[in-house]
Amino acid sequence: MYNTMTSIGKHIVENAAEFGLTSTEDLKTIGATHQPPPDGARWLVMHALRTVPNHTADSSFGHGLITGPGAERFLTQVKFEVRTRSPEPGSDFLWDTARQFRDKVYGALKNAQPGGKVIPRYDWSDPGNPLAAGEIWFEVNPSVSPVEENLEDPQDPANKSIFLTYQVHWWRPAPTLEPAEQDPWLEALTLWTRSRLGEGWTINCSDGLETLARPAVLWNLKGLSTKQSTGSLFEVSKKFTGRIFGCLPHQHAMAAVSIMEGLSGEVKMVLNAAEKKYAAVVNPQMEIPSNALREARVTVELTRKTPRPEEEVALMMKIKTEGSWQ
């Protein structure tokens with residue numbers, strides 16, 4: 001939790017003007033500040049209310065955050081108090097100033113991204129060398145997050161506060177595992193996608209991926225089967241799923257359409273040009289969930305006939321077989 005709150009505080013300090021702060025000292029990140037602000041001050045006070053695990057299959061991480069397998073995911077309620085005080089002691093203070101400050105904070109966390117701001121999360125064990133450790137997403141949904149409350153001090157009307165309570169989703173990576181041998185078909189599909197979408201896109205094919213710079217495509221091998229085709233040949237089939245993450249509105253959809261059009265026009269996928277190895281492209285499909293903020297999916301099956309099916313399988317891969325091996 002310390003790493004998440006420190007990462008949020010660091011982001012606010014680095015973008016103080018965007019949050020309506022005149023000084024980085026106006027951010028109070030450790031607990032509630034009980035003393036009144038000085039005359040004319042505007043403070044942003046940050047409170048972490050509670051944190052719960054958020055590993056449900058239908059959580060919104062697949063919409064806005066990219067997590068690797070085994071990543072630990074959490075939901076924290078973070079309350080931002082926009083605290084203002086009149087420049088003249090003892091005088092009433094109009095709510096307009098507090099609301100203008102609130103709008104700054106709201107706009108900074110909403111940003112231009114649908115659904116809310118996404119920022120990097122860091123591990124601050126070594127403050128001089130913080131390490132990337134996941135992402136943080138401030139959910140912006142007017143019906144759910146943030147929840148707004150207004151508070152006026154009846155004993156001192158010069159103090160007025162507006163509270164914005166956000167649902168803050170965040171994840172941290174799983175422990176680093178020894179990398180497995182990569183599937184050559186998956187690598188071929190990754191190279192094809194990179195050529196198809198061009199520069200500006202990150203294309204990866206690692207199940208153990210922990211961070212990914214958007215816009216991006218993440219290909220994974222989802223299924224493999226073999227069956228005997230003739231007395232000496234086996235047909236190897238592999239099913240792949242590509243998750244497409246955009247930054248701009250509709251960017252994920254346009255990329256999905258481009259990949260679909262390319263796969264539909266490909267008769268064969270080049271696996272190894274030097275060895276003249278190819279796989280047939282079968283039944284590409286596309287899905288753009290209506291509730292996904294920036295994600296689309298493409299699935300495709302590649303098939304190849306070979307007398308040596310074991311050469312088409314990465315080491316330690318589970319294999320579903322039909323027919324017999326000879």
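**Salt bridges and cores in a predicted model**

I start with a pair: the side chains of Arg243 and Glu295 meet in a salt bridge at 3.0 Å, N to O. By salt bridge I mean a side-chain nitrogen of Lys or Arg within 4 Å of a carboxyl oxygen of Asp or Glu. Arg243 sits in strand S10 and Glu295 in strand S13, 52 residues apart, so this pair links distant parts of the chain. Helices (H or I, at least four residues) and strands (E, at least two) are DSSP runs, numbered from the N terminus. Both Arg243 and Glu295 are buried; buried is under 20% relative accessible area, exposed over 50%, partly exposed in between, with a 1.4 Å probe and protein chains only.

Some ground rules. This is a predicted model, where local features need pLDDT of at least 70 and side-chain atom pairs count only at pLDDT 80 or more, while totals for chains, interfaces and linings use all residues. Residues are numbered from 1 along each chain as its sequence is written, and side-chain values use heavy atoms, leaving out hydrogens and water.

The structure holds 10 salt bridges. In another of them, Asp183 pairs with Lys238, with the closest N and O atoms 2.6 Å apart. Asp183 lies in the loop between strand S7 (159–172) and H4, and Lys238 in strand S10, so the pair ties together parts 55 residues apart in sequence. Asp183 counts as buried because its relative accessibility is 2%, and Lys238 is buried at 0%.

Glu149 and Lys79 also form a salt bridge, at 3.5 Å, N to O. Here Glu149 is partly exposed at 37% relative accessible area, whereas Lys79 is buried at 19%.

Next, the cores. A nonpolar core is a set of buried Ala, Val, Leu, Ile, Met, Phe, Trp, Tyr and Cys residues joined through side-chain atoms within 4.5 Å. The largest has 28 residues, and those with the most contacts inside it are Trp219, Phe240, Ile244, Ile259 and Leu263. Helix H4 (184–197) is one of the elements giving two or more residues to this core, and H4 supplies the largest share, 6 residues. Apart from it lies another core of 27 residues, among them Leu21 and Tyr166.

Last, confidence. pLDDT is the predictor's confidence in each residue, from 0 to 100. The protein chain averages 79, and 78% of the residues score at least 70. Over residues 57–63 the pLDDT is below 50. Residues 315–326 stay under 50 as well, and the model has 23 contacts (heavy atoms within 4.5 Å) for them beyond four places in sequence.
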